[in-house]
Amino acid sequence: MIAAKTPRELTFADVTADTGPTGLRVEGTIPDWLHGSFVRNGSARYSFGPVELRHWFDGMAFLQRFAFSNSQVNYTSRFIRSDSYRAALEGRAEYQSFATPAARSLSSWLAGLALSNLTDNTNVNVVRYGESCVALTEVGLPRCFDPQTLDTLAPLKFNDDLGLGPTTAHPVRCGDAWVNYTLKLGLHNEYVVWRMSANGAREVLARIPSKRPAYVHSIGASARYAVLIEYPYRFDPIAMLLQAKPFIENFQWNGGESLIHLIHLKGEAAPVTCAAEPFFCFHHVSTFDDGDSVVIDLVGYDDASIVTDLYLDRVCETAPAAPGLSLRRYRAPLNGQDADRQTLLNARIELPRVDVRAERPRYVYAPRMGVGESFTDGILQIDTASAAQRVWERPDESPGEAIFVPKPGSTGETDGVVLFVALNAREQRSALVVLDAATFEERARAWAPAMLPIGFHGQFWSATER
Ligand SMILES: [Fe+2]
């Protein structure tokens with residue numbers, strides 16, 4: 001099924017088939033309190049005969065479910081049956097994706113003008129909006145799926161007339177609502193920051209104008225403020241419409257300042273904008289209020305070169321340079337003065353996660369990007385209070401995103417387990433790994449029936465939620 005050789009190539013190799021449901025062989029002991037599903041999303045196939053997807057972010061969406069019950073694990077995986085996926089299976093490159101162009105027939109070029117052939121390949125994240133389990137990407141509609149079988153269902157319909165546009169696959173939970181933005185393009189471009197409650201209607205919190213909008217992969221939110229940061233990695237919407245390039249090829253690093261927008265979640269104050277040094281970020285870590293400032297922890301870079309370093313031909317050859325990659329803390333004053341930066345830890349990390357129950361999370365969990373032959377080579381637990389770190393690492397194993405699952409009834413940030421999938425390049429197989437969050441020792445692993453893709457993001461949904 002997978003014909004590749006180096007550890008890096010294995011990390012980004014094609015998967016060609018759905019799997020399961022099937023029981024996995026467990027080594028060690030999975031805590032008996034762990035009941036529920038770890039559902040992941042991510043790229044899993046890039047080659048379809050004449051169709052060759054070019055970037056890690058372009059691969060076809062592949063859902064995986066690790067269901068835990070009575071210390072056993074059952075595994076299911078399914079490709080999302082999107083229009084983009086069906087077209088690729090038939091050898092047609094009809095859809096503009098993150099970094100791969102659509103075929104340049106006249107009809108597809110005209111379709112590109114209308115932005116109607118943007119991909120519907122929802123390969124980035126999963127979230128539960130009320131009773132709907134949905135897969136998300138940065139353009140197009142969220143795609144509903146069955147959380148048990150992972151079967152593809154209809155696109156999600158929002159209960160409003162806000163329309164679509166570039167957005168993030170990282171909505172932030174604020175109480176019983178979700179906060180995100182939609183970028184509206186036209187004569188006047190603006191980020192429409194919205195809050196969606198259980199009825200599926202998006203309420204506009206603020207409209208942030210932007211002549212040349214930025215690539216904004218995630219946002220943050222404290223108890224009082226949503227945080228949207230414009231990095232100096234921007235695009236000209238008119239040129240985007242006329243040139244019909246793949247989405248990310250419209251963006252250029254201009255080296256100017258970053259703009260941190262603070263949006264009051266209850267609309268009690270006008271948005272505040274603070275300037276900051278030039279930097280780039282995919283992933284916010286956590287956000288909290290601190291007196292007259294909002295504190296924003298994130299994984300930052302000195303520039304946006306990481307985006308081009310993740311084209312498949314590059315990332316399969318060499319480690320991304322990732323200049324300045326570090327865990328950073330920006331402090332944005334509510335009076336609009338410039339934000340300052342503190343480096344919490346110089347570390348080659350990505351895909352950060354925290355205990356989402358914590359108002360000011362202390363511990364960060366993240367894969368470590370390798371500098372040698374592996375794309376990732378460990379999982380870090382970083383104590384943001386002391387910069388101390390603990391490491392899980394095994395020879396030849398490349399882990400994906402690690403999530404913290406609290407023990408029911410607990411309150412401590414390390415009272416639970418850490419779950420992730422690791423690909424063993426030497427044995428050419430993958431395992432779901434369970435760490436004790438308090439000791440960072442491996443408690444159990446469940447071997448998968450095949451090598452699994454590194455993927456992007458996942459969530460744990462407890463059995464009581466589903
Ligand atoms: Fe992401």
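The following dialogue goes through several features of a predicted model.

Me: Which figures show how confident the predictor is in the protein chain?
Reply: Confidence is given for each residue by pLDDT, on a scale from 0 to 100. In this predicted model the mean pLDDT of the protein chain is 93, and 96% of its residues reach 70 or more. One stretch should be read with this scale in mind: over residues 105–114, pLDDT stays under 50. For that stretch the model has 14 contacts beyond four places in sequence.

Me: How many helices and strands are there in the protein chain?
Reply: The protein chain holds six helices and 34 strands.

Me: What do the radius of gyration and the spans of the protein chain tell us?
Reply: The radius of gyration can be set against the value for a compact globule with the same number of residues. For 466 residues that value would be near 23 Å, and the protein chain has 21 Å, which agrees. Along its principal axes, the C-alpha trace spans about 60 × 55 × 45 Å. Of the 466 residues, 48% count as buried. Contacts in the protein chain also reach across the sequence: among those between residues at least 6 apart, 55% join residues at least 24 apart.

Me: Which residues have the most contacts inside the largest nonpolar core?
Reply: A nonpolar core is built from buried residues such as Val, Leu and Ile. The largest one here has 136 residues, and Val227, Leu228 and Leu419 have the most contacts inside it. Strand 31 (residues 416–424) supplies the largest share of this core, namely seven residues. Leucine 228 illustrates such contacts: leaving aside residues up to four places away in sequence, it touches Tyr181, Tyr191, Val193, Ile208, Val216, Ile219, His261 and Ile263.

Me: In what order do the strands of the open sheet with four strands stand?
Reply: Strands of a sheet pair through backbone hydrogen bonds, and the pairing may be parallel or antiparallel. In this open sheet the order is 8-9-10-11, with antiparallel pairing. Strand 8 (125–129) and strand 11 (152–155) stand at the edges; each has a single partner strand, so one side of each is left without a neighbour in the sheet. On average, neighbouring strands of this sheet are turned by 35° against each other, direction ignored. Within the sheet, strand 9 (residues 132–136) and strand 10 (residues 143–145) are joined in the antiparallel sense by two bridges. Valine 134 has cysteine 144, in strand 10, as its bridge partner.

Me: How many residues lie between the strands in the hairpin of strand 12 and strand 13?
Reply: In the hairpin of strand 12 and strand 13, two residues lie between the strands, and glycine 175 takes a positive phi near 65°. Strand 12 (residues 172–174) and strand 13 (residues 177–184) run antiparallel and are joined by three bridges. Valine 172 stands opposite valine 179 in strand 13. Strand 13 also continues into a hairpin with strand 14, through five residues. Seven bridges join strand 13 to strand 14 (residues 190–196), and these strands run antiparallel. Here leucine 183 stands opposite tyrosine 191 in strand 14.

Me: Why does alanine 387 count as partly exposed?
Reply: The reasoning rests on a count of C-beta atoms within 10 Å: 20 or more means buried, 12 or fewer means exposed, and a count in between means partly exposed. Alanine 387 has 13 such neighbours, so it counts as partly exposed. Phenylalanine 440, with 17, also counts as partly exposed. Aspartate 14 is partly exposed with 18.

Me: Where does aspartate 14 lie?
Reply: Aspartate 14 lies in the loop between helix 1 (7–11) and strand 1 (19–23). Its C-alpha atom is separated by 7.0 Å from that of serine 47, although these residues are 33 apart along the chain.

Me: Which peptide bond is cis, with omega near 15°?
Reply: The bond from glycine 20 to proline 21 is cis. Proline 21 has its place in strand 1.

Notes: Residues numbered from 1 in each chain as written. Predicted model: local features only at pLDDT ≥ 70, side-chain atom pairs only at ≥ 80, totals over all residues. Core = buried A, V, L, I, M, F, W, Y, C linked by C-beta atoms within 7 Å. Contact = placed C-beta atoms within 7 Å. Pairing = 2+ DSSP bridges. Axes fitted to C-alpha atoms, helices over the stretch in contact; angles between N-to-C directions. Rg over C-alpha atoms; globule rule 2.2 N^0.38 Å.
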